[in-house]
Amino acid sequence: MRTDSSPGTLPAREHLPAGDAGTPVLDVVIPVFNEEKDLQPCVLRLHEHLKRTFPYAFRITIADNASTDTTPLVSRRLESEIPEVRAFRLEQKGRGRALRTVWSASDAPVLAYMDVDLSTDLNALLPLVAPLISGHSDLAIGSRLARSSRVVRGPKREFISRAYNLILRGSLQARFSDAQCGFKAIRRDVAQVLLPLVEDTGWFFDTEMLVIAERAGLRIHEVPVDWVDDPDSTVHIVKTATDDLKGVWRVGKALASGALPLDRIARPFGDDPRDRDVQDVPKGLARQLVGFCVVGGLSTLFYLLLYSGFRTFSGSQIANAFALLVSAVANTAANRRLTFGVRGRGGAVRHQAQGLVVFGIGLALTAGSLAALNAATSDPAHSTELAVLIAANLAATVLRFLLFRAWVFPDRDDDEPRSTVVAGRTPASPAHFPKQSYGPLPQRPTAHQYATAPQSPYDTTSPYDTTSPYDTTSPYDTTEFRAGEAAEQRSWKDATARLQPVRPTDTDPRNS
């Protein structure tokens with residue numbers, strides 16, 4: 001996604017108007033299961049805090065997932081008494097399922113959730129959603145592990161939390177600090193693209209969503225929080241930890257195999273200065289050079305080990321050819337994934353074929369060097385051979401990088417069609433991702449478009465309306481949804497205006 005605009009300072013994004021903006025700007029979801037005791041105090045406290053401190057229209061949504069106590073009755077009573085409260089009833093259990101269903105159906109441009117115990121201090125809510133409202137970030141999370149966080153909890157929970165995040169960093173290369181804090185927010189346009197890729201329906205939902213978002217290059221904002229452990233928490237720690245480890249294995253396998261179409265959701269929301277053509281600044285050159293040097297160093301070491309092994313039972317030319325062939329295949333695969341960021345299996349055979357052509361050039365350089373050495377001396381020492389090969393490989397490496405960058409893995413042309421993804425049917429497994437058809441990507445909105453949204457506090461065709469096509473008979477008289485239904489339906493009226501990216505050449509309406 002390149003722009004034709006000249007480089008310069010991005011125009012400041014205007015904040016949303018503090019008055020009534022029609023559709024609620026923020027939808028805070030509280031997923032609950034058998035929380036008849038804590039639900040009402042939580043909702044009343046959250047509502048009072050938002051009324052007093054939050055300068056935009058908001059909604060509180062209670063997502064009851066298969067409660068068997070009087071939680072649904074409490075939810076419906078709160079909905080009838082407080083205009084900003086809505087109640088959802090799902091007949092299947094799972095925090096991730098509840099969040100995906102409600103977020104997929106919501107018409108608010110910023111979506112958040114928090115645990116019903118309100119362990120996180122509510123003063124962090126506005127800092128959490130502010131970067132999303134302004135358009136600066138795509139997701140936001142509360143962090144109990146940030147240095148400035150103030151946390152009160154027992155050593156057991158502290159150990160488990162830190163160990164889990166160390167596992168994420170080591171296995172999935174996660175850079176966010178706290179995956180499981182029940183205090184997160186996401187932009188609706190980002191959620192529409194991201195949620196269909198998240199498979200988990202339980203406690204691992206948060207982690208999977210964050211890992212996919214981070215790998216796709218989306219911006220995650222972290223907020224240090226004040227957090228007090230709830231001693232009466234109903235979370236089953238051992239079962240949750242086991243399910244999380246299974247999720248880590250599944251997501252890691254999908255990332256390693258390229259089953260997740262991360263390239264289809266990378267940087268689709270608004271203007272990105274990295275996508276601009278700036279004179280005398282080759283795009284991505286510094287990062288590619290670093291990656292290529294690391295891969296090249298490891299490949300050279302691998303090549304020398306192979307050459308030394310083959311040399312014990314073959315001549316120098318044969319040993320060089322076989323060692324260079326094996327290391328070239330590994331080098332092309334590593335550079336394809338790590339240096340040039342090509343994911344998935346598409347074009348892999350062509351890239352390896354082109355890599356073999358580059359290998360042939362390297363073979364000619366190294367073979368010519370060995371031939372010159374043998375012509376100069378009839379019985380060169382093994383160390384001399386290695387020195388000559390190292391010098392020849394350095395020259396071949398420089399040439400290889402130039403050919404990789406310009407020929408094998410060139411930047412895609414501006415006119416080349418790009419794959420896109422839009423929220424729709426949740427795939428059954430990662431293997432199904434490449435076979436889906438994808439629609440146009442949403443674009444990050446401007447403040448003017450929010451200001452011109454419908455002026456009714458709640459759209460009559462909102463998914464929260466009791467006359468929804470999903471309204472079924474329930475002993476609790478609540479709206480029922482099965483997991484994924486809300487995302488699959490096309491009949492919901494989208495109350496959000498079509499969104500356009502902000503460009504550096506856009507004029508500020510305040511100056512017109």
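Helices α10 and α12 pack at an angle of about 35 degrees, and their axes are 13 Å apart. Their crossing is right-handed. On the α10 side, the contact is made by Ser316, Asn320, Leu324, Asn331, Thr332 and Asn335. On the α12 side, Glu385, Leu389, Asn393, Arg400 and Phe404 take part. By class, these residues divide into three nonpolar, six polar and two charged.

This is a predicted model. The protein chain has an average pLDDT of 75, and 71% of its residues score at least 70.

Two packed helices are described by the angle between their axes and the distance between the axes. Here are both values for each pair.

| Pair | Angle | Axis distance |
|---|---|---|
| α10 and α12 | about 35 degrees | 13 Å |
| α9 and α10 | about 155 degrees | 8 Å |
| α9 and α12 | roughly 145 degrees | within 10 Å |

Start with α9 and α10. Helix α9 covers residues 285-311, and helix α10 covers residues 316-339. How are α9 and α10 oriented to each other? Angles over 145 degrees count as roughly antiparallel, and α9 and α10 pack at about 155 degrees. The two are therefore roughly antiparallel to each other. Their crossing is right-handed. The contact of α9 with α10 has 15 nonpolar, ten polar and two charged residues.

Now take α9 and α12. The crossing of this pair is right-handed. From α9, the contact includes Leu285, Gln288, Leu289, Phe292 and Tyr303. From α12, residues in the contact include His382, Leu386, Ile390, Thr397 and Phe404. By class, the contact of α9 with α12 has eleven nonpolar, five polar and four charged residues.

**An aromatic link**

The structure holds eleven aromatic pairs. One of them joins Phe292 and Phe404, with ring centres 6.3 Å apart. Their planes stand at 85 degrees, so the pair is edge-to-face.

**Where to be careful**

Where is pLDDT under 50? One such stretch is residues 1-14, for which the model has 36 contacts beyond four places in sequence. Another is residues 413-444, for which the model has 80 such contacts. Where pLDDT is low, the predicted coordinates should not be read in detail.

How values were computed:
Residues numbered from 1 in each chain as written. Predicted model: local features only at pLDDT ≥ 70, side-chain atom pairs only at ≥ 80, totals over all residues. Heavy atoms only, no water. Axes fitted to C-alpha atoms, helices over the stretch in contact; angles between N-to-C directions. Helix = DSSP H or I, 4+ residues; strand = E, 2+ residues; numbered from the N terminus. Parallel < 35°, antiparallel > 145°, perpendicular 65-115°, else oblique. Left-handed = near helix turned anticlockwise from the far one by under 90°. Nonpolar A, V, L, I, M, F, W, Y, C, P; charged D, E, K, R; others polar. pLDDT = per-residue confidence, 0-100. Contact = heavy atoms within 4.5 Å. Phe/Tyr/Trp six-rings, centres within 6.5 Å; stacked < 30°, edge-to-face > 60°.
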